[in-house]
Amino acid sequence: MSYPRAIFFVLLSTAGFAVQDTVVKLLSQVGSIWQLMLLRSLLVILLLCIWARLKDRWSDIIPISIGWPLVRAVFMCLAYTLFYCSYPFVSLSDAAACFFMAPIFVCIFAALFLKEKIGIWRVCSVIVGFAGALLIIQPGSTEFRPVLIMPVMAGACYAVGVVVTRGFCSTHPSLSLTAVHNMFYAGLGFFIVSVLPVFPINPEIVEQNPFLFKEWVPLASSVVIMIIATAATHIIAMTSSIRAYQMADATLVAPIEYTYLVFAVAIDFVIWALLPSTATLIGMVLVVGSGLLITLRESKAQRAHID
């Protein structure tokens, strides 16, 4: 296992996803999630095919088998859909903070299904991260917003996808998993965009969440540019994430993904002039701290093993 390279790839992944999600949040005000995912996924597939043709490396975008990559694609698509559907109602950092219960789910699922060992420091990091998540979500208080359940569910679905990647797709070329994921999402987007006009939804429901229920809308040039940007950052981020999970234990890589929260807070402030509440900020510090704790302990353990 190559821990330094895995850490590099997961940091590159979180930065790429932060940029991608910022663009998606901007698009949530003017478009349809299904239209966006259909066009973005088709563009990603096109770019992958062009790359494979130029490099004559078609085997890099073709999975060894289709079963587990398809299972992974289903859960990843669920994760993205639930996460993005919360964007019109909450800040990027709030949604991200709830989504980042995912590493907690990853640690649990990896232990249950992959039989990966979780030592005392990993257990402590999970507890600290969970405490931080509770501070952010604040269940049972007047500050609780039910819409934040969507990014929490997205985190659980993402965790399943991560565990499948680690346990059952480690030998697949990383770009092939990206290709399968986007082919599935493109098919899903095409199906729903085609069905919505046939079975129209109550206009009041559409008005409450147009990003989820809106039909195909005309595309302005600025929207097209943003969709292209999401496709490019998606390839970089997704491929980097896959490589990280293929190169190291899921319970090592997952906590480092908490660094996404740092990017999310910075973007909220720069673009929307928003800052997290005190409780949310403390919660973020806890979840980031839990990720740093597990990373430092794993690094120390690796050095001791080498010595």
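Which helix is F269 found in? I looked it up: F269 is found in helix α13. I took helices as DSSP runs of H or I with at least four residues, and strands as E runs of at least two, numbered from the N terminus.

**Ground rules**

I am working from a predicted model, so I note that local features need pLDDT of at least 70 and side-chain atom pairs count only at pLDDT 80 or more, while totals for chains, interfaces and linings use all residues. Residues are numbered from 1 along each chain as its sequence is written, and side-chain values use heavy atoms, with hydrogens and water left out.

**Surface patch**

I checked how open F269 is and found it partly exposed, at a relative accessible area of 49%. For this I used buried as under 20% relative accessible area, exposed as over 50%, and partly exposed as in between, with a 1.4 Å probe and protein chains only. F269 belongs to a nonpolar surface patch with L26, V270, I271 and L275, and together they have about 510 Å² of accessible area. Helix α13, residues 260–272, gives the largest share of this patch, three residues. A patch takes residues with over 30% relative accessible area and no salt bridge; nonpolar side chains (Val, Leu, Ile, Met, Phe, Trp, Tyr) are joined within 5 Å, and like charges within 9 Å. The areas come from the Shrake-Rupley method with a 1.4 Å probe, and for residues only the protein chains shown count as cover.

**Salt bridge**

I searched the whole structure and got one salt bridge. R57 pairs with D60, and their closest N and O atoms are 2.7 Å apart. The rule is a side-chain nitrogen of Lys or Arg within 4 Å of a carboxyl oxygen of Asp or Glu. R57 counts as partly exposed because its relative accessibility is 39%.

Helix α3 covers residues 67–85, 19 residues in total, and reaches 27 Å from its first C-alpha to its last. That is close to the 27 Å expected at 1.5 Å a residue, where the expected span is 1.5 Å times one less than the number of residues. I listed its buried residues; among them are R72, A79, Y80 and F83. V90 sits in the loop between α3 and α4 (92–99). V90 has a relative accessible area of 5% and is therefore buried. I also took the C-alpha separation of V90 and T178, which is 28 Å for 88 residues along the chain.

**Cavities and pockets**

How many cavities of 30 Å³ or more are there? I count three. On a 1 Å grid over the protein atoms alone, a cavity is a set of points where a 1.4 Å probe fits but cannot get out; a pocket is an open set with protein on both sides within 12 Å along at least five of seven lines; lining residues have an atom within 4 Å of a point. Points are joined across faces, edges and corners, and the volume is the space filled by probe spheres set on them.

The largest cavity holds about 150 Å³, and its lining includes S13, D21, A79, Y80, F83 and E257. Two or more lining residues come from each of α1 (3–27) and α3. Helix α1 gives the most, four.

The second largest pocket holds about 160 Å³. Its lining includes F9, L175, I235 and R243.
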